[in-house]
Structures are given as C-alpha cells and as structure tokens.
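Dear colleague,

Please find the structure below.

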Amino acid sequence: MTSQVLASFAVAVLGFALTLGYGAVAQRNAADDNEELAKGYVPAALKLGQLRSTQATIATLVDGIPDERNPLSTRLVLETLVSVRRAKIAETRAAFTPDLASVGGARTHVLAAQLTVELDVIDAELADDKRGIERLFSALDDADKDGVNRQLAAVAMVEHEADRKVRALSDRVASSMDDLSARSRLRERRALVALLGLAALTLSLGLFVSLRTRRLLAPLARVTARARAVARGDLTPHQVEASDNEIGQLARAFETMVGSVAQARDRAVANERFAAIGKMAAHVTHEIRNPLSSIGLNIEMLDEELGQAGAPAESRALLTAITREVERLEHLSEEYLRVARLPSPRMEAEDLAGLVTDVVAFARPEADRQNCRLQLDVETPLPPVLFDEAQIRQALLNLLRNAREAMPDGGIIRVRVAGDGMAVRVDVEDQGGGIPEEIRARVFDPFFSTKGEGTGLGLAITRQILEAHGGAIDCETGIDKGPDGAPRGTRFRITLPLAPARSW
Ligand SMILES: Nc1ncnc2c1ncn2[C@@H]1O[C@H](COP(=O)(O)OP(=O)(O)O)[C@@H](O)[C@H]1O
Ligand SMILES: [Mg+2]
C-alpha cells in the first residue's frame, strides 16, 4: 500500500512538473520569438526602409531632370544621394548578414541568405550607376538632346528597377515579420491552451490521489477505534476483515496481540484463582484430614466388634455406607491437597512414551473392573520431552479416570502417543456420551462438574500442569459414532514441546 500511495503521489508530482516544464518551455519560445524580432527583423526592416526611401528619392530626382531649370544643382544632390545609398546598402547588408542570420531558426537563416544575395544583385546592377549619371550630365552640358534622352532613359530604367527590387525586398521582410508574429501568437495561444489543459489534468490528478489516499487510509481509523476500545478493556476477540495491505496486516497483527493479551490475562486470573483455591484447600484439608483418619480407625474397630457380636446385617450395611462416605471425603481432601501442593514442575528430559505405558499399566486393573478396555498405541521412536514425571502422571490419571467415568457401562479407552512437529502429543479417547456444546467451554474451570460426586478439579489441575510445562490441552467431542449412529466419544489431547537438543 505504501507503494500505491507513493506511486499516486509520484504521478501527481510528475503531472505538476510536466505543467511547470511545459510553461517554462513556452515562455522560452516566446522570448526567442521576441528576440528574433527585436534583434533581427526590426533593425533589418529599419535599414531597408532607409535604403528604400533613398532609392525612391533618387528615382524621383532622375525622373524630374528633364523639367529642371537648373540641372546642375540636381546633379550635386543626386551624386550625394548615390554615395549615401552605397552606405545604406552596406548597412542593410550588415543587418541581413550577420545580424539577421545570427538570430532565430532555420527559416530566418534562409531568408537572411536570400535577402543578402538579392541585395548583392541590386548592388551589382547599381555599380555602373555613377558613370551613367556622369554621362547624362555631360550630355546635358553639351546640350546634346539625343544623348540626353538616351542617357536619361538608361539611368531611369536602372533606378526604377532598383527601386522596384528594394521595395520587393522590403515587402518580403515585412511579410516575414507578419508571419513570424502570427506564428508566435499562434504558438502562444496553443501553449496557453495546453497549459490550461495540463493544469486541469494535474488538479484532477491531485484530487484523485488525495481521495484515493483517504480511501486507502480509512481502515486505519477502524484500527484506531479498536485500539481505543481495547484501551478501555474490551478484549473480546474480533473478526478482522481487512485487505492484504500494510493496514490489513497491522489490523491482523493488532488483533493477534489483543488475543495474546486476553489469553495472558485469563491465565493470570486462573492462576490467581488457583492459588487462592490452593490456600483454602490446604487450610480445610488440614482441619479435615486428622478427624477423618480417626473416624476411619474407629470404623475399623466398630466393624470388628460388630463382627464378633454377630450384629444384624442392617447395622453392617450402615457401617459400609459410612465407610464409603469417609473414603469419598478422603478422596476429596486428597484432590484439594493436590491443588494446594501443585508446585512448579521439576523438568527432566525423559521418554514420555515410557511414562504413558506405565500409567496405562497402573490404571488397567481399575478399568478392567468397570469393563473398560485400555488400548495403548505408541509411535516409536519418539524424541525426548522435558516434563515433571509426577505431574504428568497426575494429568494422565485424571484424563483416564474421566474417560472411565464417561463410560459407566464399559467400552474402549484408546491412548495414543505420537510425534507432532516440534511436540509430542498424547490422545485419550473414550466412547462415552461426549460433552454437550453448552458446557464445553467450562469443563476446565475449577469446581465445574456434572458428576454428583465430582470435585470439578481434575481438568483444572490437568490444564494448570500442562500450561506450567509450556504445553497445552484441548478436547474434541463426538469423534466416534455409536451403534445407533449418534455421535459419541471424547478425545482429550495433551501436547508437550520437545526438549531442546542440548538437554538429552
Ligand atoms: N471424557 C469425558 N467425557 C465426557 N465429559 C467429560 C469427560 N471428561 C470430563 N468431562 C466433563 O468435564 C467435567 C469436569 O471434569 P473434571 O474437571 O475432571 O471434574 P470431575 O471429574 O470431578 O467432574 C466433568 O464433570 C464432565 O462433565
Ligand atoms: Mg475428573
């Protein structure tokens, strides 16, 4: 997404730069046109204009000679004008080449060359002029009428021809100037239109880019709102439907973090509760255990005495019932004590499969009595796992007992040990009635039990043990189908991380 935003801005900046660049070039072109006019055409036109008026005066003077009363005075003027014209031709030529030829583009260069050539032609044609005029005036002096007419016709022809040509040159320069200004104006108008177009384009591009950036950044507001909610204590998990860009990743990462924080908080609360339960349990058990053991001893003595006295069966049945209740209380206090005595695990790298085999062998007689068949399935070889043997034994026994209790009419309990990536897992599966959906979330809570005589501590202790080991426990229900096709059976799966390589 960063790249998208950057690309959008790059495009906008490029558009802006293009507009600026184009404006600069257009301005430069206009300046060039101006320079071409001011430094090339205007001086050339000025010089040419002076030449033109000199030439026109000469032609007029020549035409007026026959009517002149004092032709000699005309001769003086005429000769002066001829030498002035020579100077004017030289100046005009310089205005064409190099002056005009050195400004502007190819068109102007060609024009300057052509003008120079034509001016040279005029200059060459006028080269003989002075002598023609001299001849005209000597004929006048001689009063040679024929000679005067002939010379006058010749001089007038040359002067009028030159006048025509200079005029043509002047017209060409003027029309070239008009052309140039017309082109310059056109170019300026085009540049203006193009600039306006580019500016509009850049503006809309900028608008588009900012709208797009806003749309891209909108999810950020949602993340912020969520962060505020979290700060107020709302740690409930949220579904993230974010796109795959950086903000989406941020939203997901944030949600993952919230999940971890919630989990850590839950664990801390559970630990605290467990510690409180442990303290209370230690206290109560201490008060109960001693009286219980003396009650047990007294019952034994009573039983003996009743046996010797041949007491009625009713009394003995009562005694048996009392014994059972005392045993139950002993079991209860033992379980409480377990919570009280749950120390942090003393980890050793060991063979988990060996422990599981041991525990299954230990639990088998009790299971057999209740018609439960224990099946063990171990994948070998398995890498060692770090664990506290007594605690994991405890955890496994809790799971096996629950499995047995879930199948009062007997069935198969399968225990499986297998490697699972960087962990080893132990599955305990039964064929019991499963766990109803509505209580599934609570089975690990301390004191949660659906059994009349249950303490509700077995799974809570088990989870505590596994978390202290850096492992996990979870359950899946309805893993199997009963003879009637209804889903049944529960699988509790514990996973323990492999021992780091150096510990074995
Ligand atoms: N294998 C199982 N099949 C069905 N329900 C089970 C199983 N294991 C545990 N449960 C449910 O979880 C509850 C809590 O179990 P636990 O913590 O061991 O306490 P308790 O066994 O004392 O009831 C049980 O009361 C039972 O409802
Ligand atoms: Mg239990």
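A nonpolar core is a set of buried Ala, Val, Leu, Ile, Met, Phe, Trp, Tyr and Cys residues joined through C-beta atoms within 7 Å. A residue is buried if 20 or more other C-beta atoms, placed from the backbone, lie within 10 Å of its own.

This is a predicted model, in which local features need pLDDT of at least 70 and side-chain atom pairs count only at pLDDT 80 or more, while totals for chains, interfaces and linings use all residues. Residues are numbered from 1 along each chain as its sequence is written, and chains are lettered from A and ligands numbered from 1 in the order in which they are written.

The largest nonpolar core has 41 residues, and Leu 352, Val 356 and Val 428 have the most contacts inside it. Helix H9 gives the most to this core, namely 7 residues (helices are DSSP runs of H or I, at least four residues, numbered from the N terminus). Domain 2 (264-341) and domain 3 (347-503) both contribute residues, so the core lies between them; the domain bounds come from an automatic or database assignment.

Ligand 1 is surrounded by 20 residues, and the closest are Asn 402, Ser 449, Gly 454, Gly 458 and Leu 459 (a residue counts if its C-beta atom, placed from the backbone, lies within 6 Å). H9 provides the largest share of this shell, 4 residues.

Of the 504 residues of the protein, 22% count as buried. The C-alpha atoms fill a box of roughly 200 × 50 × 45 Å along the principal axes.

Yours sincerely

Terms used. Helix = DSSP H or I, 4+ residues; strand = E, 2+ residues; numbered from the N terminus. Buried ≥ 20, exposed ≤ 12 C-beta atoms within 10 Å, placed from the backbone.
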